[in-house]
Amino acid sequence: MASLIAILDLKGKPLIQRSYRDDVPPSYIERFLPIVLDLEEEGQQVTPCFTREGVNYMHIRHSNLYLLALSKRNTNAAEIILFLHRLVSVLVEYFKELEEESIRDNFVIIYELMDEMMDFGYPQTTESKILQEYITQESYKLEVQVRPPIAVTNAVSWRSEGIRYRKNEVFLDVIESVNLLVNANGNVVRSEILGAVKMKCYLSGMPELRLGLNDKVMFESTGRNARGKAIEMEDVKFHQCVRLSRFENDRTISFIPPDGEFELMSYRLSTPVKPLVWVEAAVEHHKGSRIEYMVKVKAQFKRRSTANNVEIYVPVPDDADTPKFRASTGSVSYVPDKSAFVWKIKQLGGGREFLMRAHFGLPSVRGEHESLDKRAPITVKFEIPYFTVSGIQVRYLKIVEKSGYQALPWVRYITQNGDDYSLRTALEKGSAQIVQSV
Amino acid sequence: MSSFRAPPRKGENFELAADLNSEYKDKRKDAIKRVIANMTVQKDVSGLFPDVLKNMQTDDLEQKKLVYLYLMNYAKTQPELVILAVNTFVKDTDDPNPLVRALAIRTMGCLRAEKIIDYLCDPLQKCLKDDNPYVRKTAALCVAKLYDLKPELVIENGFLEQLRDMIADSNPMVVANTVAALTDIHAAAVAAGVPRDQFPISTDIVNKLLVALNECSEWGRVAILNVLARYTAEDAGESEHICERVVPQFQHANASVVLSAIKVVMIHMRDISSENLSKTLIRKMAPPLVTLLSNPPEVQWVALRNINLLLQKRPDLLSNELRVFFCKYNDPLYVKVEKLDIMVRLASENNVDPLLSELKEYAQEVDVDFVRRSIKAIGQTAIKIDEAAERCVNVLLELIGTRVSYVVQEAVVVMKDIFRKYPSTYEGVIPTLCANLDELDEPEAKASLIWIIGEYAKKIDNADELLGIFVDTFTEESYPVQLQTLTAVVKLYLQKPESSQGLVQKVLNTATKDCDSPDVRDRAYIYWRLLSTDPGAAKAVVLAVRPPITLPRTTVSAVLLEELLGEIPLLASVYHKPAETFVGRGRIGADTVQQKKAELADDRIATQKALQTVAAGQQAENLLDFDDDVQGDGQPSGLAATTILAQTPAAANLLAGTSSNPLDDLVSIFGGANLNSTPAAPAPANGLGGFGFGASPLAPAAPSITPTALSPQPPQQPAQGGQDDLLGLF
């Protein structure tokens with residue numbers, strides 16, 4: 001429950017605000033940033049929720065904006081913070097980008113959305129697909145007055161009736177993101193696979209869908225022997241269209257899909273993963289004159305696969321200058337604002353291995369924080385199509401609609417880096433990295 | 001659009017008024033937009049109220065919304081004029097378009113003007129029975145709005161009964177909003193001290209909600225789960241039933257649904273007797289908790305705070321999941337800090353090696369605050385796991401080897417705690433620590449090192465030289481360092497009297513004559529007196545055996561923990577504080593707190609106790625920095641009160657009888673934590689007990705502090721363990 005929601009610029013000035021309850025006066029918005037600055041000055045961390053003089057401030061950051069919710073009660077913090085994130089994603093879908101400019105230009109529609117998405121501090125409809133059906137930027141052009149889509153209050157609140165397509169098609173994307181952390185001696189410290197099944201659904205009417213995966217738990221419960229590999233998903237999350245109790249009972253994934261694009265499910269596996277793209281760097285640091293890197297990349301997956309758009313970010317000291325690169329493949333460039341250089345390889349075949357060298361100059365005079373080298377890890381971005389690390393497979397997608405049309409499902413697999421694919425394998429040669437124990 | 005942002009021209013409002021009354025539709029609408037634009041940038045356009053009002057009756061839905069928005073903002077400033085809008089509102093609630101009906105009833109509830117409320121009841125009555133569920137769901141919340149303004153009206157018109165009936169509505173969204181409205185009313189009624197339960201939950205209701213739960217939107221599910229959490233099950237069977245029906249929600253993509261479902265299960269699990277079922281439930285909880293960490297950082301933080309609480313209740317909950325809490329390089333600091341705390345909680349013999357190598361990595365990052373916390377975590381791990389202590393010490397030594405100033409200082413502070421826990425085990429480390437003496441400039445680090453030197457004075461050959469350095473600069477040091485130096489020198493003297501006679505003389509002289517802190521002076525006087533009258537007694541006091549320190553398993557008391565677990569993921573469970581400590585005294589919470597005070601005296605005491613526990617809990621987080629202890633002594637109440645108090649037998653009785661004091665439990669739980677916030681009366685008792693006499697019980701009759709009264713008594717340990725802790729200083 002939120003009493004007031006506001007979007008603020010970085011100076012703490014409200015760009016737009018909406019009061020849902022009377023108990024917190026809008027003047028409290030202006031107190032938000034000073035409190036944040038005070039906390040920072042006192043060396044305390046600024047947490048997403050904090051309380052001052054009986055008012056609770058809950059906020060998130062989105063690019064150069066704060067989204068702030070105020071409340072006096074013992075509010076459901078997770079709900080409100082998530083709602084703020086949802087507000088961001090709805091506004092982004094409406095305006096492509098959410099920034100000061102787009103807020104100023106669209107305040108009328110933002111007011112409308114805020115009115116529809118929350119009532120008396122309780123979140124209501126936050127599905128942007130549905131909102132777009134009755135809150136549009138060109139509403140005045142409509143001859144007929146809009147009515148609330150039945151979906152807003154329907155048990156199937158995510159799909160409207162009467163959708164028609166000439167050609168009924170479903171596209172399934174199985175995307176696995178690999179997060180992993182490798183420590184300095186090359187061991188994988190942490191790894192996880194975050195999978196997502198995304199759908200693009202162009203189906204008429206109210207179709208019933210059933211998705212079959214090579215899910216180990218289901219195979220075991222039905223006493224069926226899987227041909228080939230079955231995978232064990234550690235935790236599965238579903239779009240609200242999936243019948244959770246059905247899944248709990250017999251692991252069937254059955255649902256009436258929303259129209260268009262959406263994420264059907266996500267899953268997580270923490271089975272150990274071998275780093276698909278391995279990178280290591282040898283660093284020669286000559287304090288006060290230059291620093292040299294030798295970077296090796298190795299594609300540790302089967303030959304028949306290829307990684308596309310590989311980008312390897314190797315951190316360098318903030319004050320490095322005059323870069324010189326030599327690479328056996330791809331291109332290298334210096335990205336000073338990230339304090340790194342990036343090695344881009346368009347296509348990296350399975351099992352292949354490449355080298356590159358980099359040379360930077362260093363200023364001869366250094367500040368007193370000399371010993372404080374940032375120890376940022378090497379990070380990698382990549383995409384491997386037609387391949388999943390976990391071995392997940394779509395066994396079937398059954399589509400039943402009362403009109404009895406035939407629809408074709410298309411399935412695509414892809415594996416890519418997650419938001420944290422990092423290797424602490426940039427090792428300095430020679431210089432004592434750390435004094436060994438006494 | 002740019003014209004909306006044009007700089008104010010002369011008489012802008014005048015122009016707007018003209019446009020608002022224009023004969024052209026488009027011009028009027030454009031003017032309304034400009035008015036709203038001005039309102040958004042907080043220019044005062046309240047003067048245009050009558051002109052805007054004229055545009056209320058329109059078929060253009062967008063225009064209607066804008067006018068309504070304007071009304072919501074300015075209704076309070078123009079209560080007289082709002083009445084003019086009533087007709088249109090009432091008419092709109094009869095509109096054939098449900099969107100307009102809902103909009104009218106929603107806006108009327110938000111106007112918050114006395115005048116209009118009376119006109120709200122009839123349309124509301126109608127809308128609650130509307131054919132369209134969209135209107136019904138909006139009307140349901142409107143009842144809660146009305147209750148907030150004028151509770152009598154809700155009761156007189158029988159809206160409450162109507163809402164209760166609506167729980168059986170065929171539409172799940174209507175059910176969800178009805179439940180949200182009733183919960184809101186219930187909260188407001190409780191806050192206002194209404195004795196009757198405005199939203200009693202029956203088995204029947206629960207069954208209806210369990211059905212609706214699977215069908216309604218994500219936010220509706222949160223509302224329903226909150227109600228299920230409030231329900232007290234009839235028997236164990238029903239609790240089991242609820243848990244089983246709620247568990248599928250763990251698979252929901254929305255983190256607040258998952259956390260709310262976990263709350264419901266945690267609450268109803270209390271009544272489940274079957275050990276197996278509880279275990280299954282706990283096992284099912286772990287994977288969704290881990291997945292919460294794939295959310296945006298702010299949500300992660302909320303999740304981590306709650307996971308922390310869950311772990312205090314169920315330490316085995318995530319025992320195999322240490323690695324998922326490893327910090328990512330780009331995590332915001334607030335996330336990293338929470339992760340560190342959870343990592344220490346999950347530390348066990350099996351996973352200590354990867355944990356230590358990870359913590360060592362963190363200790364070499366750039367963020368000073370994070371580095372310090374990581375080093376602290378290493379120390380906590382050492383204290384938690386006996387078998388790993390040596391490995392921890394080795395890591396600390398490596399870190400000291402980096403010679404980065406703040407790393408060394410923090411490591412020294414942490415080493416002091418390790419010495420407390422494992423006395424005489426790591427003496428080999430002392431030379432390395434002493435070698436860094438010159439690097440230390442923070443009082444806490446200095447005081448820690450001095451404590452170590454004093455403690456191991458017998459084994460450090462040049463202890464007198466090292467302490468001599470601090471004695472020479474005695475008056476320039478901060479008070480905690482002075483107190484430590486004083487104690488350490490006395491310890492040295494008691495162990496090696498021959499070599500340090502001069503030093504002790506010097507420090508006592510300086511401390512009693514040239515020092516401006518009364519605490520330092522007083523302590524010096526006591527030592528002097530002790531040493532000169534009975535060195536044996538001095539030994540018994542100063543060199544007494546200290547009880548080992550342990551890592552507190554919980555940061556809040558058991559009762560509070562249960563309460564907080566029932567409030568996942570509300571703010572209380574995020575702050576780890578009971579709601580009473582931060583809930584506003586606004587219009588709802590207001591007077592009620594006062595009323596409650598009188599009515600529920602017992603509750604008050606319970607609450608206060610809980611608050612104290614919180615305070616103590618917060619102190620306990622700092623248990624390991626004994627800076628706290630030093631300040632504990634520094635409390636004027638400590639010594640100043642001693643002399644006066646101890647002379648009256650009554651006070652002495654008070655001291656002897658501290659075990660009957662409820663605070664005693666807290667004290668012993670949290671060791672020497674300083675109970676700053678305790679009420680005045682017991683505080684001196686603690687101060688006195690803590691101040692050195694804890695080691696030998698004060699004879700109730702002792703009229704003054706004389707060594708003879710103290711010396712014959714053998715050092716006493718058990719009952720006053722907590723207070724003895726303070727002795728670590730001596």
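This is a predicted model: local features need pLDDT of at least 70, side-chain atom pairs count only at pLDDT 80 or more; totals for chains, interfaces and linings use all residues.
User: What share of chain A is buried?

Analyst: Of the 438 residues in chain A, 55% are buried. As for contacts between residues at least 6 apart in sequence, 69% of those in chain A join residues at least 24 apart.

User: And helix α4 of chain A, how many of its residues are buried?

Analyst: In helix α4 (residues 107-117) of chain A, 11 of the 11 residues are buried, and the helix is mostly covered.

User: Now the sheets. What is the strand order in the open sheet of nine strands?

Analyst: The order is β11-β13-β9-β8-β23-β21-β16-β19-β18 in chain A, and the pairing is mixed. At the edges stand β11 (235-238) and β18 (331-335) of chain A, each of which pairs on one side only. From one strand to the next, the twist averages 15 degrees.

User: Which way do β21 and β23 of chain A run, parallel or antiparallel?

Analyst: Strand β21 (residues 378-385) and strand β23 (residues 408-423) of chain A run antiparallel and are joined by five bridges. One bridge pairs P385(A) with I414(A) in β23(A). A helix from chain B also packs on this sheet: α16 (residues 275-291) of chain B touches β11 and β13 (260-269) of chain A, and its direction makes about 65 degrees with that of β11(A).

User: What is the order in the open sheet of five strands?

Analyst: That sheet of chain A runs β17-β20-β15-β14-β24, with mixed pairing. Its edges are β17 (321-327) and β24 (426-428) of chain A; each has a single partner strand, so one side of each lacks a neighbour in the sheet. The twist averages 20 degrees from one strand to the next.

User: How many bridges join β14 to β15 in chain A?

Analyst: There are 10 bridges between strand β14 (residues 277-286) and strand β15 (residues 290-299) of chain A, and the two run antiparallel. Within this pairing, E284(A) stands opposite E292(A) in β15(A).

User: How many residues lie between β1 and β2 in their hairpin in chain A?

Analyst: Four residues lie between β1(A) and β2(A), and G12(A) in the turn has a positive phi of about 85 degrees. Five bridges join strand β1 (residues 4-9) to strand β2 (residues 14-19) of chain A, and these strands run antiparallel. L4(A) is placed opposite S19(A) in β2(A).

User: Turning to chain B, is H576(B) buried or exposed?

Analyst: H576(B) counts as buried because its relative accessibility is 9%, and the cut-off for buried is under 20%. The residue is found in the loop between α31 and α32 (590-599) of chain B. Its phi is positive, about 60 degrees, although H576(B) is not a glycine.

User: Where is P569(B) found?

Analyst: P569(B) is in the loop between α30 (558-565) and α31 (571-575) of chain B. The peptide bond from I568(B) to P569(B) is cis, with omega near -15 degrees.

User: At what angle do α24 and α25 of chain B pack?

Analyst: Helix α24 (residues 443-455) and helix α25 (residues 463-472) of chain B pack at about 150 degrees, with their axes 10 Å apart. That makes α24(B) roughly antiparallel to α25(B), and the crossing is left-handed. In this contact, K446(B), I450(B) and I453(B) of α24(B) meet A463(B), L466(B), L467(B) and F470(B) of α25(B). By class, these residues are six nonpolar, no polar and one charged.

User: And at what angle does α24 pack with α26 in chain B?

Analyst: The angle between α24(B) and helix α26 (residues 479-495) of chain B is about 10 degrees, with the axes 8 Å apart. The two helices are therefore roughly parallel. This contact has seven nonpolar, four polar and three charged residues. Among the residues that α24(B) contributes are W451(B) and E455(B), and among those from α26(B) are V481(B) and K491(B).

How values were computed. Residues are numbered from 1 along each chain as its sequence is written. Chains are lettered from A and ligands numbered from 1 in the order in which they are written. Side-chain values use heavy atoms; hydrogens and water are left out. Two strands pair if DSSP finds at least two bridges between them. Axes are lines fitted to C-alpha atoms, for helices over the stretch in contact, and angles run from 0 to 180 degrees between N-to-C directions. Buried means under 20% relative accessible area, exposed over 50%, partly exposed in between (1.4 Å probe, protein chains only). Angles under 35 degrees count as roughly parallel, over 145 as roughly antiparallel, 65 to 115 as roughly perpendicular and the rest as oblique. A crossing is left-handed if the near helix is turned anticlockwise from the far one by less than a right angle, and right-handed if clockwise. Contact means heavy atoms within 4.5 Å. Ala, Val, Leu, Ile, Met, Phe, Trp, Tyr, Cys and Pro count as nonpolar, Asp, Glu, Lys and Arg as charged, and the others, Gly among them, as polar.
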